[in-house]
Amino acid sequence: MEKKTSCMINPILYLFFVYVFASEFFSIKMATAQIIPVRVGVVLDMDNYGKITLDYITMALSDFYATHDHYKTRLLLFDRDSKGDVVAAAAAGLDLLKNVEVQAIIGPMLSVQASFLISLGHKAQVPIITFSATSPSLSSLRSPYFIRATLKDSSQVGAIVAIIQAFGWREVVPIYEDNEFGEGILPFLTDALEKVSVRVPYRSVVPPLATDDQIVAELYKLMTMQTRVFVVHMLSPLSSRLFTKAKQLGMMSKEYAWMITDSVTNDLNSMDPSVVESMRGVIGVRPYVPNTKELDDFKIRYEKRVRQIGPKAQTSDLDIYRMRAYDAATAVAMAVEKARLENHKYREANVSRNSTDLEAFGVSVSGPQLVQSLSSITFKGLAGSFRLVAGELQPPPYQIVNIVGPAASNIGYWTEENGIVEEPNFTSTNVKKYSTSKSNLGPVTWPGDKSSPPKGWVIPTNGKKLRVGVPTRGGFTEFVRVTWDSDNSIEVEGYCVDVFDAVMSALPYGVPYEYVPFATPQHETAGDYNDLVYQVYLGNYDAVAGDVTILGNRSKYVDFTLPYKESGVSMVVPIRDDKGKNVLAFLKPLTWQLWLTSFCSFIFIGFLIWILEHRINEDFRGPRLHQLGMIFWFAFSTMVFAHKERVVSKWGRSVLIIWFLVVLILTQTYTASLTSMLTVQKLQPAVTDVNVLIQNKEYVGYMEGSFLFEFLKRLNFDESRLRPFNSAEEMDKLLSKGSRNGGIAAAFQEIPYIKLFLGKYCSKYVMVGPTYKADGFGFVFPTGSPLVLDVSRAILNVTEGQKMVEIERKWFGDSTKCSDSNTQLSSKSIGLESFAVLFSVVGIVGVIAFADYMIKFQHENRSVIVEPAGTRSTRWSKIVKWLKIFLSKKTDDGRKSPLNSPSVSTTTDRSQDSVSDSTSAFENDTTSQQGESSHITNMGIEPVDRNETSAQH
């Protein structure tokens with residue numbers, strides 16, 4: 001029973017175990033069926049660096065799915081070795097697309113490998129996600145299936161240019177690798193430098209596989225140039241050899257400034273310590289990676305993982321590109337899940353039977369959906385914020401470092417919004433001004449362990465001297481004079497040459513130079529001043545020293561220093577000879593308005609004094625013509641204070657006091673003005689107005705070869721009326737002939753030449769007219785030349801010192817020998833406005849005196865107007881009677897003359913003897929004027945002896 005029974009139990013137990021096993025098996029099968037595998041290719045150079053990078057990508061997926069185990073998709077990695085070769089990278093990509101049919105490819109590592117692989121991905125519609133191909137030229141492919149999960153090299157250009165601006169360097173030489181990676185940054189760098197007026201005089205290109213001899217040869221070439229600021233853009237293997245050789249050649253000294261891009265700065269931790277030591281003083285830039293808790297946790301996990309591989313395995317320092325690879329793998333995992341890919345198959349390509357392998361692979365169905373999903377992924381990764389715009393990772397702030405030994409020291413930051421800053425403030429929303437100030441940078445140790453920045457250029461060590469062009473011409477040789485000896489050697493001297501020598505001697509360093517005449521083999525001038533300046537632009541001369549005027553159109557292609565001699569354009573004309581033409585010169589001191597006003601004032605004063613004095617002063621009485629003559633005599637005799645008549649009335653004396661003051665001022669002013677006119681009348685210019693020359697179509701002169709020809713044309717002078725001259729003697733000859741005799745009426749010249757010309761001919765010519773502004777004489781250098789700034793500073797030092805005075809005295813002599821012509825022009829006539837106040841005062845006082853006199857006179861003789869009752873007279877008779885009283889003599893007792901009574905007496909109340917004597921004198925004096933005397937007698941006016949009048953007073 002027990003046996004049977006036992007036999008019956010065994011089948012039941014078997015069935016139970018079969019059921020349990022089947023349940024577990026189907027549950028596992030169902031769970032496995034929910035996971036969607038997505039094939040992703042990885043193309044890396046499988047050297048030590050590439051293997052560690054693949055380790056990062058594997059860790060990224062492990063970490064991601066450990067925290068996202070609910071995701072239905074899982075990335076299956078298929079890695080291929082690109083072997084550091086472009087063809088191998090293309091073959092690896094082709095294999096993944098054709099045979100594996102991956103949905104995405106992470107890689108390749110190098111920019112030169114990426115270009116062809118991007119084209120394959122575009123054809124297959126498979127995203128190519130690179131974490132280290134930084135060349136900006138890859139963006140020009142414009143493939144929507146190219147995802148750059150790293151920063152392109154052009155992102156750091158702003159930081160590099162800001163540093164160059166901060167230290168004021170004006171020339172930079174880029175040193176780059178001769179491949180797609182090295183060339184990609186050049187257009188962006190040169191454009192950015194050009195915007196801030198920094199020149200790139202040379203581009204140093206080093207082959208990726210260059211030998212040590214090739215590197216040394218290129219460095220020697222750089223040593224022969226004057227630029228000492230270099231920007232190195234290479235991969236770390238080549239840059240390590242470059243800096244090692246530069247150290248050996250002495251190019252890591254105080255004269256040099258070196259900058260490195262992030263392609264070198266990012267690899268500093270992995271470079272040999274001896275190489276880093278040779279880079280002491282170099283400034284570098286690299287993307288700023290914030291130190292986060294996630295990054296610290298990753299370091300711990302990675303070290304633990306390495307120790308699990310083997311106890312002797314060494315951990316490597318965190319690398320920015322490996323962190324980008326970690327973030328790229330995470331982004332692909334997130335995008336695949338977000339896209340919810342269902343169809344992982346390729347659509348067969350429509351190709352012909354004779355097609356090659358490059359055309360035989362299909363097209364991914366889910367590629368466009370995956371690209372769209374990748375573009376919307378944002379998260380905080382190991383290397384910072386991960387956000388794509390148009391398939392490009394957005395740049396963070398850049399960190400500026402200084403290599404000061406085995407490591408790099410942080411000295412500042414750069415942001416696209418704020419420029420150079422001490423600390424990046426990522427949370428602030430305040431918009432600050434963009435800064436390129438070096439004060440925002442920390443202390444910098446420069447090559448040679450110097451604390452002060454290098455100036456960025458030196459005199460080249462190739463043994464060449466600066467070729468300084470000088471003008472050659474036959475006239476005004478005080479400025480520049482070139483003479484050839486019999487052995488064809490040259491001697492250059494002159495004011496401009498001495499100034500240039502003094503300025504170059506004042507520089508804080510020595511500059512070897514030599515003068516090269518701008519002349520033909522026949523020792524004739526080779527062109528005008530514009531041609532001379534253009535030679536600097538062409539590179540035939542390194543500078544020009546001479547009387548070259550600073551002009552706007554010239555500064556378009558060369559740089560000028562500060563002016564060392566002030567300038568301007570004015571006009572020189574002959575002095576007019578006025579001999580025999582000054583018959584009426586005595587009238588010129590005063591204008592006709594002042595002459596007329598003065599004449600009227602004299603008459604007014606004479607008439608006013610007669611009115612105030614004729615009734616009480618015997619000096620103003622007598623026959624009618626005598627009194628009329630007295631008015632003019634007395635008035636004009638006051639001009640020379642020759643009057644003999646006394647003035648007894650108070651108002652008369654008051655008027656005369658003021659009038660004498662006016663006469664004194666008027667006569668003295670007239671005398672001074674006439675004297676001045678007669679003294680300088682020989683200095684009258686023949687013409688003073690430019691418009692008169694243009695209207696009269698006169699011939700005018702200009703210095704041949706100068707800018708004045710175009711200047712006169714802009715003043716509307718007819719080109720046919722312009723005559724050139726080449727020397728002071730020729731200028732004198734043309735001016736002496738005159739415009740109508742084959743000469744010129746005026747010469748236009750710059751003021752330094754005019755002063756020199758008038759120093760010789762100041763008795764014949766004068767400078768007149770307006771002075772047109774010019775910027776003066778300056779020295780010429782190529783555009784962007786670093787010498788311009790230092791030479792300009794030296795010019796200020798020389799012109800402010802005694803040296804400049806000595807040079808001017810040497811070549812121009814005593815400038816005070818001929819007084820300034822502008823002050824010798826004829827004095828202008830004095831106008832009425834100069835005496836308006838004085839004449840007004842005289843007029844006001846005179847009117848007041850006259851009004852007061854007439855009011856009193858009217859009051860005293862009111863009986864003439866108001867008649868007694870019963871009498872009746874006509875208006876005319878009253879006027880006649882009033883005039884008779886006005887013309888009569890006022891009596892002593894205040895009574896009026898007997899003219900007021902009906903019977904007119906011819907005697908006074910004085911003694912009869914006096915009357916008889918006066919009458920006898922009057923009759924004897926008027927024998928020849930009987931008719932007139934009879935008329936006066938009939939008016940009741942009797943001549944009175946002056947002695948009698950005097951006795952009365």
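The legends below describe close-up views of a predicted model.

**View 1. The largest cavity and the residues that line it.** A search of the whole structure finds four cavities of 30 Å³ or more, and the largest cavity has a volume of about 60 Å³. Its lining is made up of Arg473, Tyr529, Asp547, Val548, Thr549, Arg554, Met703, Ser706, Phe707, Glu750 and Tyr753. Sorted by class, the lining of the largest cavity comprises five nonpolar, two polar and four charged residues.

**View 2. The second largest cavity, with part of its lining drawn from helix 13.** The volume of the second largest cavity is about 50 Å³, and the residues that line this cavity are Thr134, Thr150, Leu151, Asp262, Asn266, Pro287, Ile320, Tyr321 and Arg324. Helix 13 (residues 320–339) supplies three residues, which is the largest share of the lining. By class, four nonpolar, three polar and two charged residues line the second largest cavity.

**View 3. A nonpolar patch on the surface, formed by Tyr534, Tyr537 and Leu538.** Together, Tyr534, Tyr537 and Leu538 have about 320 Å² of accessible area. Leu538 belongs to helix 17 (residues 529–538), and Leu538 counts as partly exposed because its relative accessibility is 47%, a value between the limits of 20% for buried and 50% for exposed residues.

**View 4. Ala166 and Asn440, two residues 274 residues apart along the chain.** The C-alpha atoms of Ala166 and Asn440 are separated by 9.4 Å. Ala166 lies in helix 5 (residues 157–166), and with a relative accessible area of 11% Ala166 is buried.

**View 5. The salt bridge between Arg301 and Asp63.** The search of the whole structure finds 20 salt bridges, and in the one formed by Arg301 and Asp63 the closest N and O atoms are 2.8 Å apart. This pair links distant parts of the chain, since Arg301 is in helix 12 (residues 293–309) and Asp63 is in helix 2 (residues 48–67), 238 residues apart. Arg301 has a relative accessible area of 34% and is therefore partly exposed.

**View 6. The salt bridge between Lys810 and Asp498.** In this salt bridge the closest N and O atoms of Lys810 and Asp498 are 3.1 Å apart. The pair links distant parts of the chain, with Lys810 in helix 26 (residues 802–812) and Asp498 in helix 16 (residues 495–505), 312 residues apart. With a relative accessible area of 57%, Lys810 is exposed, whereas Asp498, at 18% relative accessibility, counts as buried.

**View 7. The salt bridge between Arg793 and Asp790 in helix 25.** Arg793 and Asp790 both lie in helix 25 (residues 787–799), where they are three residues apart, about one turn of the helix. The closest N and O atoms of this salt bridge are 3.2 Å apart. Arg793 counts as partly exposed at 47% relative accessibility, while Asp790 counts as buried at 17%. Elsewhere, salt bridges that share partners join Asp212, Arg241 and Lys245 into one network.

**View 8. The cis peptide bond between Gly107 and Pro108.** The peptide bond that joins Gly107 and Pro108 is cis, with an omega of about -5°. Pro108 is found in the loop between strand 3 (104–106) and helix 4 (111–124).

**View 9. Ser197, a residue other than glycine with a positive phi.** The phi of Ser197 is near 60°, and this residue is placed in the loop between helix 7 (186–195) and strand 7 (204–206). The relative accessible area of Ser197 is 45%, so Ser197 is partly exposed.

**View 10. Lys697, a residue other than glycine with a positive phi.** The phi of Lys697 is near 55°, and the residue is placed in the loop between helix 21 (690–695) and strand 26 (700–703). Lys697 counts as exposed because its relative accessibility is 58%, the cut-off for exposed residues being over 50%.

Conventions: Residues are numbered from 1 along each chain as its sequence is written. This is a predicted model: local features need pLDDT of at least 70, side-chain atom pairs count only at pLDDT 80 or more; totals for chains, interfaces and linings use all residues. Side-chain values use heavy atoms; hydrogens and water are left out. On a 1 Å grid over the protein atoms alone, a cavity is a set of points where a 1.4 Å probe fits but cannot get out, and a pocket is an open set with protein on both sides within 12 Å along at least five of seven lines; lining residues have an atom within 4 Å of a point. Grid points are joined across faces, edges and corners, and a volume is the space filled by probe spheres set on the points. Ala, Val, Leu, Ile, Met, Phe, Trp, Tyr, Cys and Pro count as nonpolar, Asp, Glu, Lys and Arg as charged, and the others, Gly among them, as polar. Helices (H or I, at least four residues) and strands (E, at least two) are DSSP runs, numbered from the N terminus. Patches are made of residues with over 30% relative accessible area and no salt bridge: like charges are joined within 9 Å, nonpolar side chains (Val, Leu, Ile, Met, Phe, Trp, Tyr) within 5 Å. Accessible areas come from the Shrake-Rupley method with a 1.4 Å probe; for residues, only the protein chains shown count as cover. A salt bridge is a side-chain nitrogen of Lys or Arg within 4 Å of a carboxyl oxygen of Asp or Glu. Buried means under 20% relative accessible area, exposed over 50%, partly exposed in between (1.4 Å probe, protein chains only).
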